[in-house]
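Let's walk through this model together. Have the viewer open and follow along.

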Amino acid sequence: MSNFMAYKGTQTIDFTVADSAPLILFLGENGHGKTTIQRACKWALYGSVVEKKEVISIDKLVNRKALQEASGAEVDTSVQFDWEDDENTYSLTRSFKTTNSIAQPPKVVLRINNQNPEPEKAVNTIVNRILPKEISHFFFFDGETQDDFDRMASATGSADYIKRQIEATLSIPAVKSAIATLMTRKNQESIAIEKANKQNAKISEDTKKLNQIREESVALSAEIATREESLHSVGVRINEIEQKFHNLSETQALMRDIEEVRATRKLLERDHRQKKEDLRDLLALHPWIPLAGKLHSLQQNLEREMETARQTSAARYSLEEKARQLKDVLEGQPCPVCGTKSSEGTDQVAKQLHHIQIEISNLSVGEPIDNSASRLQKFPLFNFSESAWEMARNLLKEVEGIGADLAIANQSARDLDAKLEALGAVNVQDLLASLNALHEDKNQLIQALSDYRNDAKIKQSEIDKLQNSIGKGLPPSERYVFELLAYLSLLFEVTLSAYRSAVREKVQDYASKTFLKIISDQKYVGLQITDNFGVELLLPDGKSDPLKSTGQGKVSAIALVSGLIHTAMDEGFILMDTPFVSLDMGHRAAVCKWATESGFRVSLFMHSGEFEWGRDRAQFGDAVGRVYRITRIDDNESTVTEGTSV
Amino acid sequence: MGAKAPMTKSNVAESYEILLTAIQHEHERLKKDPEGQPVSVVDVSPADIKALIDAIWKDRNESEEVRTRTFEIALQELLVKHQEAKG
């Protein structure tokens, strides 16, 4: 591959392995480029790559990084696919150039045995002869094919898919074409005979009847075609709805979450409303609450002032008492303690008195106690209370807390709505109703088709009789071609039915063998492809169980693909993308064992969630021929290297 | 230079054999019970049938137009051969 999708520059993958070690492992995480390798193979072979039923446009096949680094210069994108069969070697290269982000039409070159290139127009025919596109998804078993098979194995509504694949694989459309040709020729001969017999009265009468019945038959065919078209449309619609149901469990879980969030939000809104009303009532009762902080601070200040004033007053009184006593001593009054008079130490007393007087003068005058007390007494007048304020604060906290929870719930609701929208906002009830209605339509159409087909058979039988009758009016040599064609038509029709049954049995036989190798539940003896091409699990008593688990579905899908490949080809390869998802360890080991013993060259593309080299390699024994590591260098560049080291 | 891959021959030989066996078997069955069947049943040989099946198989993966043309040619050859044999 050169500059193909995630792979910048040239990457080479060698698929050659010894018969004794036929497995190739591709190890890499999701999004690193595992699927791209399959896409490269498909693009080289068939010239298109499909993703989610849409063809990927060519400008998306070129590596973006190479394009950026080229800065407008030409970038070559190509995939070369080399292979060989018993007789020849083939080298197929598909390429295109991109200049200034504009991709040129791709070219394809096929060389057989290194000779000159085959004519470009013949390449698709040659490739299809070797590896038919319609069966290619059996060996390029990628995620999308796997999804299709998982669904087809688990939903009878998708069984038509299996039928189409089996029939396409076994060239049944080609046999049908042949039958149609025979019928056309037979009718042409019949018409020619009619013309030749137009003079014959009896034959004329028969011819008249024949024309009438033929018209009725044509009308019936038209009815059948219309019903088949309707049935196909209904099938497509059912598949679409089943696809939506694929996301159903996720959607249902999401809708449950949304319901829960909505219920929580409702409760929160109710609480929020209630608390706000309580707060409003409290404010009506205590209009001062908005100023409560200031009032509280004022009250505390006043109380502090009163306390300070009280303390100052007490200190002043004590100092003044001391000063008065010292004055008395200075004025010759006896000492109030010892009762004596003394002139000694007068200076010291005077000094002490002076200090006390300074202390008294330093004492602040402050607010008179009476003033503060008077102001404090006014607080009860407007019902100021600490408890009411406390209650208001608590209510406010609750309102804010509930408001925050409500905001979170609203955000969750928005997130969940966005997720639901991303999932396509499946309306389960509507979907179920549509699905039921469609199944009813389908059943009615199947019944109508069956009736019409029976009518058509009857008409055809009448036509045959009349044609024979008319033909017998002619000499044997003239009606010979008609009789020959009539016989061949009959022979091919009965053969088609026998061939279909034989093929179905063959696919079922191979699928059952694979299924039994992989499945751990010993109660089953095989797989059964039902008359309408659904898949069921066969019990020893000949009865059958429907598929019950994802694991059973996965194993059945692998078994069916194995059966189809075995039926379609003698030898070959399979590229399986993430085959172990939804399988437990036991079934993984069984799939590994099947892969090693299948007789195919199996390439398994796996991520670390399903396979770890150190832990799981023993499951493959010595059957691993090559191991490739797929690594992403950045968003626009991956690389694939051989070897087990990271 | 790319890689060499062991490749399927896309051989549906076994299916071809199943189809051929089925048609020869049905042909034998119809021959054994010819009541109501055209006399020409006996004129169709296993080789005639094989020629028609081969024509179907040869272009089975081609378009319907190509398939039909190939089959018509084989059928025409068979019809001419039988008409000539009848004189």
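Chain A of this predicted model has a mean pLDDT of 81, and 86% of its residues reach 70 or more; pLDDT is the predictor's confidence in each residue, from 0 to 100. Local features here need pLDDT of at least 70 and side-chain atom pairs 80 or more, while totals for chains, interfaces and linings use all residues. Residues are numbered from 1 along each chain as its sequence is written, with chains lettered from A and ligands numbered from 1 in the order written.

**Confidence**
- (Helices are DSSP runs of H or I with at least four residues, strands runs of E with at least two, numbered from the N terminus.)

**Chain A overall**
- You'll find 18 helices and 17 strands in chain A.
- Of its 646 residues, 31% are buried, meaning 20 or more other C-beta atoms, placed from the backbone, lie within 10 Å of a residue's own.

**Helix α3 of chain B**
- Helix α3 (residues 64–86) of chain B has 23 residues.
- Its buried residues include B:Ala74, B:Leu75 and B:Leu78.
- Leaving aside neighbours within four places in sequence, B:Leu52 is in contact (C-beta atoms, placed from the backbone, within 7 Å) with A:Ala178, B:Ala74, B:Leu75 and B:Leu78.

Notes:
The expected span of a helix is 1.5 Å times one less than its number of residues. A residue is buried if 20 or more other C-beta atoms lie within 10 Å of its own, exposed if 12 or fewer, and partly exposed in between; C-beta atoms are placed from the backbone. Two residues are in contact if their C-beta atoms, placed from the backbone, lie within 7 Å.
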